[in-house]
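Here are my notes on the salt bridges in this model. Please read them with the structure open.

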Amino acid sequence: MPEYGTGEERRRGSAIHAAQEVLLSSARNDPVDVVMGLEAGADDHVTKTFDGPDLVARVRSLLRRAAPAEQPDHSPRLPFGDLEFCPASLTASRAGKPLALTTTELKLLSELAAAPGTVLSRDLFLERVRDYVWSGDTRVVDVHVQRLRARIGRERIETVRGFGYRLRP
């Protein structure tokens, strides 16, 4: 780690190393030097010559702090037979296997899953999924629904002729 003379140089060093853990190893054991190193952006300091187990323990401690905390998944999952959709994480799985859906397919599935059994019109899909009102041909929705059906199972989405689509519960 380079020596830092001014406060501005220390701040720049901290910004550079903000995304990584820094263990400073130095021959200087003066408390002022240790404090300067820590203020310059180091997360910990060891003085040479150091004990091997002490260094290993410090590195493990830094890695624990750097690792993201694992949080249990409490997001609600909406089951539809062998299809499962999680609106919070925007993930879907079929028979326990994750599905790779496009953004548009996820938005379509999200709209359908929010109101299972309810008929949703093509115009509504265009408004909510494509984020615009379209006065032209709404058949583009049919193409996206066809692609979604191919991935989640044709029997899951029912066509209500002249009105739109609904997800079978």
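1. Glutamate 155 and arginine 94 meet through their side chains in a salt bridge, at 3.4 Å from N to O. This is a predicted model. Glutamate 155 sits in the loop between helix H6 (139–152) and strand S8 (157–160), and arginine 94 is in strand S5, so the contact ties together parts that are 61 residues apart in sequence.

2. Arginine 94 has another partner. Its side chain also meets that of aspartate 82 in a salt bridge, at 3.3 Å from N to O. Aspartate 82 belongs to the loop between strand S3 (78–80) and strand S4 (83–86), and strand S5 spans residues 91–94, so this pair ties together parts 12 residues apart in sequence.

3. How exposed are these residues? Glutamate 155 is partly exposed, with a relative accessible area of 38%. Aspartate 82 is partly exposed at 32%. Arginine 94 is partly exposed at 25%.

4. Glutamate 105 forms a salt bridge with arginine 151; the closest N and O atoms are 3.5 Å apart. The pair links distant parts of the chain: glutamate 105 is in helix H4 (residues 103–114) and arginine 151 in helix H6, 46 residues apart.

5. Is glutamate 105 buried or exposed? Its relative accessible area is 3%, under the 20% cut-off, so glutamate 105 counts as buried. Arginine 151 is partly exposed, at 36%.

6. Shared partners join Asp82, Arg94, Glu155 and Arg156 into one network of salt bridges. The structure holds nine salt bridges. Those discussed above include Asp82 with Arg94 and Glu105 with Arg151.

Methods: Residues are numbered from 1 along each chain as its sequence is written. This is a predicted model: local features need pLDDT of at least 70, side-chain atom pairs count only at pLDDT 80 or more; totals for chains, interfaces and linings use all residues. Side-chain values use heavy atoms; hydrogens and water are left out. A salt bridge is a side-chain nitrogen of Lys or Arg within 4 Å of a carboxyl oxygen of Asp or Glu. Helices (H or I, at least four residues) and strands (E, at least two) are DSSP runs, numbered from the N terminus. Buried means under 20% relative accessible area, exposed over 50%, partly exposed in between (1.4 Å probe, protein chains only).
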